[in-house]
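Hi there,

Here is the structure I promised to pass on to you. Please open it next to this email, and read on below for what turned up.

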Amino acid sequence: RKVVSVNGAGDSTLAGFVWKYLQDGCAPSKANRAAKFANIVAGLCVEKLYTSTATLEEVKRRLENVII
């Protein structure tokens, strides 16, 4: 994998964390899981040209290849 552009990487990380944390019911014990999810979101975004987003389908496909 190759980093193409880091524009919006922080925004994507925060959005991914908040989304997953809310999906998991805001349990403090789930914060680590949300952080790992956010890292995957950011990783997908920086592999694309310019400021971009990651779809839930892209994240699910990447999760199939990652141990969380």
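Serine 12 is buried, because its relative accessible area is 10% and buried means under 20%, with exposed being over 50% and partly exposed in between (1.4 Å probe, protein chains only). Its place is in helix 1; helices here are DSSP runs of H or I with at least four residues, numbered from the N terminus. Leaving aside neighbours within four places in sequence, serine 12 is in contact with Val41, Ala42, Cys45 and Ser52, where contact means heavy atoms within 4.5 Å.

Before we go on, a word on where this comes from. You are looking at a predicted model, in which local features need pLDDT of at least 70 and side-chain atom pairs count only at pLDDT 80 or more, while totals for chains, interfaces and linings use all residues. Residues are numbered from 1 along each chain as its sequence is written, and side-chain values use heavy atoms, with hydrogens and water left out.

Now for the helix pair. Helix 1 (residues 9-23) packs with helix 2 (residues 31-46) at an angle of about 145°, and their axes are 7 Å apart. The axes are lines fitted to C-alpha atoms, for helices over the stretch in contact, and angles run from 0 to 180 degrees between N-to-C directions. On the helix 1 side, the contact is made by residues including Ser12, Gly16 and Trp19, and on the helix 2 side by residues including Phe37, Val41 and Cys45. The residues of this contact divide into 13 nonpolar, three polar and two charged. In this count Ala, Val, Leu, Ile, Met, Phe, Trp, Tyr, Cys and Pro are nonpolar, Asp, Glu, Lys and Arg are charged, and the others, Gly among them, are polar.

Next, have a look at the largest pocket. Among the residues that line it are Ser12, Trp19, Phe37, Val41, Thr55 and Leu56. The elements that give two or more residues to this lining are helix 1, helix 2 and helix 3 (56-63), and helix 1 gives the largest share, four residues. The lining divides into eight nonpolar, four polar and no charged residues. A pocket is found on a 1 Å grid over the protein atoms alone, as an open set of points where a 1.4 Å probe fits, with protein on both sides within 12 Å along at least five of seven lines; lining residues have an atom within 4 Å of a point.

Where does serine 5 sit? It is in the segment before helix 1, and it is buried, with a relative accessible area of 10%. Serine 5 and valine 46 are 41 residues apart along the chain, yet their C-alpha atoms are separated by 5.1 Å.

Not counting residues up to four places away in sequence, arginine 62 touches Arg1, Ile40, Leu44 and Glu47.

Cysteine 26 is partly exposed, with a relative accessible area of 36%. Its phi is near 60°, a positive value in a residue other than glycine. Most residues other than glycine have a negative phi.

Enjoy exploring!
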